[in-house]
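Good morning, and thank you for coming.

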Protein chains: 2
Amino acid sequence: MERVKCTVQYDGTFFSGFQIQPDRRTVQGEIEGALQRMHRNRFIRIIASGRTDTGVHARGQVFHYDSDLNLSEDKWKKALNSLLPDDIYIAAVEKVSDDFHARFDVKVKEYRYQILNQKEPDLFNRYYHWHVNQSLNVENMKEACRNIMGTHDFTSFSSTKTTIRGDKVRTMYNVDCLQEGNRIAIQVEGSGFLYNMVRIITGTLVEVGQGKKKAEEIPAIIEQKDRALAGLTAPPQGLFLWKVTY
Amino acid sequence: MERVKCTVQYDGTFFSGFQIQPDRRTVQGEIEGALQRMHRNRFIRIIASGRTDTGVHARGQVFHYDSDLNLSEDKWKKALNSLLPDDIYIAAVEKVSDDFHARFDVKVKEYRYQILNQKEPDLFNRYYHWHVNQSLNVENMKEACRNIMGTHDFTSFSSTKTTIRGDKVRTMYNVDCLQEGNRIAIQVEGSGFLYNMVRIITGTLVEVGQGKKKAEEIPAIIEQKDRALAGLTAPPQGLFLWKVTY
């Protein structure tokens, strides 16, 4: 038996999220189906760094599983990709020690949220960007980013539908706003994330960029632990789980 | 009654091509359906610059139609976009004189073919690029482009399934190969095109880039008017009708 760690990319558009659900097309369901075919119909459970919602993408999601097939890393990669649909791609395979755990061992997770900031929509990017047609002030957004960084109770930036028990203190190591022409990417690196947290951070930053909120209001919004004070939840299709570091 | 000229973008992925067909989802069918709704269920025929195949996209397809609704250009644009699905977008509307004809008056058509030239596939571009994992020599491809330019009988670069009668002489005003990192775009501007012509030009240029064919062989391939001598037909998803000039 050996433990295998995979880095996987997926286009979340046509999936009902990552996590397996009956009668829905999910990323986990497709990957476990491929593994089952490779193991003579024996079920193999995968453990991912966490789930992603419907419409959310991944450039660098990570999962692990145990197998006795004894394949090389390269063979695993080729075999899995040959069995997976064209909206999932295994980018890297690595054999790891038995005590590696894709969820419990996460040190940093990086998300990116892509915004297309121009008057006209771009239909070729409709699944991968949030189109914001009102011009955004990126300098103000960057200032707001600096106010989100650090260790805080992020209740204000968490969906009230959350099922997370326990405290909502998380550490954001880096929050930045990268601009390239009409494209703006919100980059968020943290120790862990609450439900819808990156999308609520993005919605709030966009309201700062539009002048509806001020960057200096962020500390008070965090302080009051009230979801109603932060901005709207940005739509799912701009969000990418970018990188998981162990 | 006035004549309206529209510039339309579409993502060809989920269409059975541009031209209307019974029981298929087509770009023409969607646009004529939207116009019919605007005209109290009266059918309005549109005339495009030409058709595009299944999976082929457009940045600047042009069509015209006649209407007695007397809307401003801006109102037409908003009304049509509000009725069209999210993979069709009317980018511009212009009122033109009654003798304008979107097919007969075409002076130059520009197509672009997008290639992703890197070892690993990029699933976020799977609908908009041809992934070629063998490294391409772009200088040799550019030399081949220069040999395609000009006025020739392009029988060798036309599908044998063509239904075009009459001569196959066309003029290519510009054929070029643009590189930006791992992305290569084949740019072709011509007076008119035969069936599958840009995809066969692309397939041939890629074989030159791979070293399977030489740039100097192009004149002889043209000369012999034999489809079997040119390269493979590139897949549809990399092709964009880029611009139509009148």
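Leaving aside its neighbours within four places in sequence, which residues is A:Y111 in contact with? Before I answer, a word on conventions. This is a predicted model, in which local features need pLDDT of at least 70 and side-chain atom pairs count only at pLDDT 80 or more, while totals for chains, interfaces and linings use all residues. Residues are numbered from 1 along each chain as its sequence is written, chains are lettered from A and ligands numbered from 1 in the order in which they are written, and side-chain values use heavy atoms, with hydrogens and water left out.

Now to the answer. Contact means heavy atoms within 4.5 Å. Beyond those sequence neighbours, A:Y111 is in contact with A:I186, A:Q187, A:V188, A:F193, A:V198, A:L239, A:F240, A:L241 and A:W242. A:Y111 lies in strand β5 of chain A; helices (H or I, at least four residues) and strands (E, at least two) are DSSP runs, numbered from the N terminus. A:Y111 counts as buried because its relative accessibility is 8%; buried means under 20% relative accessible area, exposed over 50%, and partly exposed in between, with a 1.4 Å probe and protein chains only. An unreviewed UniProt entry lists A:Y111 under "binding site"; annotations of this kind may be inferred rather than shown by experiment.

Let us turn to the strands around this residue. Two strands pair if DSSP finds at least two bridges between them. β5(A) pairs with β10(A) in the antiparallel sense, over 6 bridges, and A:R112 stands opposite A:F240 in β10(A).

Is A:D53 buried or partly exposed? With a relative accessible area of 24%, A:D53 is partly exposed. Apart from neighbours within four places in sequence, A:D53 is in contact with A:G17, A:Y195, A:N196 and A:R199.

On a 1 Å grid over the protein atoms alone, a pocket is an open set of points with protein on both sides within 12 Å along at least five of seven lines, and lining residues have an atom within 4 Å of a point. The largest pocket has a volume of about 1200 Å³, a volume being the space filled by probe spheres set on the points. Its lining holds 35 residues, and A:N125, A:R183, B:N125, B:H129 and B:R183 lie nearest the centre. The elements giving two or more residues to that lining include β8 (169–180) and β9 (183–190) of chain A, and β5 (108–116) of chain B. The largest share, 4 residues, comes from β5(A).

Finally, two further residues. A:V169, in strand β8 of chain A, counts as partly exposed at 37% relative accessibility. A:V169 and A:F154 are 15 residues apart in sequence and 6.0 Å apart in space, C-alpha to C-alpha. In chain B, B:K5 is found in strand β1, residues 2–10, and is buried, with a relative accessible area of 17%. Its contacts, leaving aside neighbours within four places in sequence, include B:V62, B:F63, B:E94 and B:Y246.

Key. On a 1 Å grid over the protein atoms alone, a cavity is a set of points where a 1.4 Å probe fits but cannot get out, and a pocket is an open set with protein on both sides within 12 Å along at least five of seven lines; lining residues have an atom within 4 Å of a point.
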